[in-house]
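Please read the following walk through one model alongside its sequence and coordinates.

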Amino acid sequence: MATAFTLAELEASVSFVNSVMSQDSDLECLPIKPAQKLYQAQKTGVLFCKLLNRVRRGTVPCSRIHKQVRNIHQALENQKLVLEGTQQLGIDVHNVTAEDLWSGKEYLVLEVLWKIVRVGLLSRVNVENHPNLVLLRRSNENWPRFVKLSAEELLIRWVNYQLRHTFYRGPEMTDFNHSLKDSVIYSYLFTQLSPQRCSLSPLDEEDLFVRAKKILSMAELIGCNKYITPHELVKGNPRLNLAFLANLFHCRPGLEFHATDMESARLIEELNTAHVRCRLVEEERNLLMEVRREMSGELKDVRKKLEESLKEMEILKRRALGLEDENKYLTDVDEAVRRLKAENSLLQIQLTDSKAVEDDSQATIANQEITIDSLKKEKEALVKEYEEKINELENKISATTRKQTKIVLQKEAIMHERDLLKRKHDKCQAELKRLQAQIDRRQRHVHQLRQLFKYFISDKGLAEKLYGNLDTTSLQSRNGKSKVTKFCQEGGWYLRETAPQIFLLKDNFLFVFDREEEDAPLLVLRLDQATVNKQEHCVLQLKFSQKEFSYHIKVSPASYVKDLQQELEVAADWWTERQRTSPCSRFKEIVQSNMLTSGGNRRKLNLRQTSLITADV
């Protein structure tokens, strides 16, 4: 079952018509652009008649073609000549009628046109027109079978013959669709036919569509880019691949004999002699067929006249017998009857003539009515199409007007929004400058406060100012963070010198005692100045980067290491956040009252006013 025709196949067929019939002055419809105008251009039948004669001369007698079609009858006669011509070319169009072509049924018109184009492209793909095709004959193949090969089989053999002379090692070409989809065969074929202008660079592309575009670009370089598009090449369209390869074969056959191949030259000479004889036999056959047609026509006329003569003889015999019988009895009555019969026959002849005239008149009237109806329908269709186009244009104009209005409003809104954003941007810039100045000021205050901590205060002295007595009982009862953590582990400045000690965690301070009854701690550590690191063998390292020393705590059991590290880090974070956010913290009061009272301290820090420390830490 034949597949539907695509737009690319329609354009390829129309391109063939435009190129072949471009010099014909009788066809005013050429060139056909766009391709969809083909259905209207072929309606009179003149285009296809001329195309058939161009494919094979004398297919349609020029004397029978109505070149100036004045009515539907002449158009239908031309379409009948088209169908007769296609049958002479061996094209099967049994499902197509002249009325189908005249009415422009798209699928049937394209089917007839494609079959004509196919014959035109493949008519010269044979040994008679290209004797070098004998190179494609296999060693075990006899001549009669080789000569009877179809043009499609010859094209496939030609492609495989060219591939055997390249570095191609893939499967041979077997059809015109699946074998050519990936363009690999085309790449090697073009490289073989034109190595100066073509190469295998398209095979570097993974995308089949890009590869197909490069293949057609190479075909254009050698003047063979016709009938196919990259999309149809990737899809594997068998019709367009066949047309493309046939055109490529006509442009660059690439079949050459070597001077030493004497046997092939002798075979070509014999083949040419055989073809000459076949041509002579074909001409004699055509002459005999023409004589036969003429003789059959004359024989039909003779038979018709003989039948009429026999009928007249029968009538005369019957009359003679009647006259002989009646002559014996009624000579006068016979004479009267004879006159009446003669008058009756004359009246019958007149009646028959009048009926024939009446039938011709009715047929003419019916044909004129059909023509009038078709013209009315065409007029109504044109009026309807004109009204639809007017309505469409009005709708487009109104839509364009609405779009322009909308664009103007959007532009005004965008301008207004841009002004608002610009004002907001200016405000944000001013606020950013103000905040940046405040940040700079507070950073200076923090730096000065850190200098105070570095030069003038020890961790133990700061803890005494905050909590008073530093024994274990007082520390657990004084103000500060509600939770006080007490734990016993081994600790020391070096890992190898750790000893059992008592640790008390209060706010940001870690107090170290040798015994629980001691009045003062052995060591006070500030956690906000330390980094808590986990070491091997269940050891926590408190590293003080500013003071450049470390303190080690050996923890047991091992499961308690992670919890203790977390508690120490949380205590440092809580202290830092509190001192930053609390404007009336006890720590700030102690700094103001105890550390800035000395003029020497202020000079050492280059502080002229104590009010600089009043900012939040």
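**A buried asparagine, the cores and the cysteines**

The side chains of Asn241 and Tyr186 make a polar contact at 2.9 Å; such a contact is a pair of N or O atoms within 3.5 Å, where within protein one must be able to donate a hydrogen and the other to accept it, and residues adjacent in sequence count only if both atoms are side-chain atoms. This is a predicted model, in which local features need pLDDT of at least 70 and side-chain atom pairs pLDDT 80 or more, while totals for chains, interfaces and linings use all residues. Residues are numbered from 1 along each chain as its sequence is written, and side-chain values use heavy atoms, without hydrogens and water.

Asn241 lies in helix α12 (residues 238–251); helices are DSSP runs of H or I, at least four residues, numbered from the N terminus. Asn241 is buried, with a relative accessible area of 0% (buried means under 20%, with a 1.4 Å probe and protein chains only).

The largest nonpolar core has 88 residues, and Leu245 and Trp158 are among those with the most contacts inside it. A nonpolar core is a set of buried Ala, Val, Leu, Ile, Met, Phe, Trp, Tyr and Cys residues joined through side-chain atoms within 4.5 Å. Helix α6 (residues 106–122) gives the most to this core, 11 residues. A second, separate core of 21 residues includes Val512 and Leu568.

How many disulfides are there? The count is 0, a disulfide being a pair of cysteine sulfur atoms within 2.5 Å. For Cys49, the nearest cysteine sulfur is that of Cys62, 9.3 Å away.

Technical notes
Helices (H or I, at least four residues) and strands (E, at least two) are DSSP runs, numbered from the N terminus. Buried means under 20% relative accessible area, exposed over 50%, partly exposed in between (1.4 Å probe, protein chains only).
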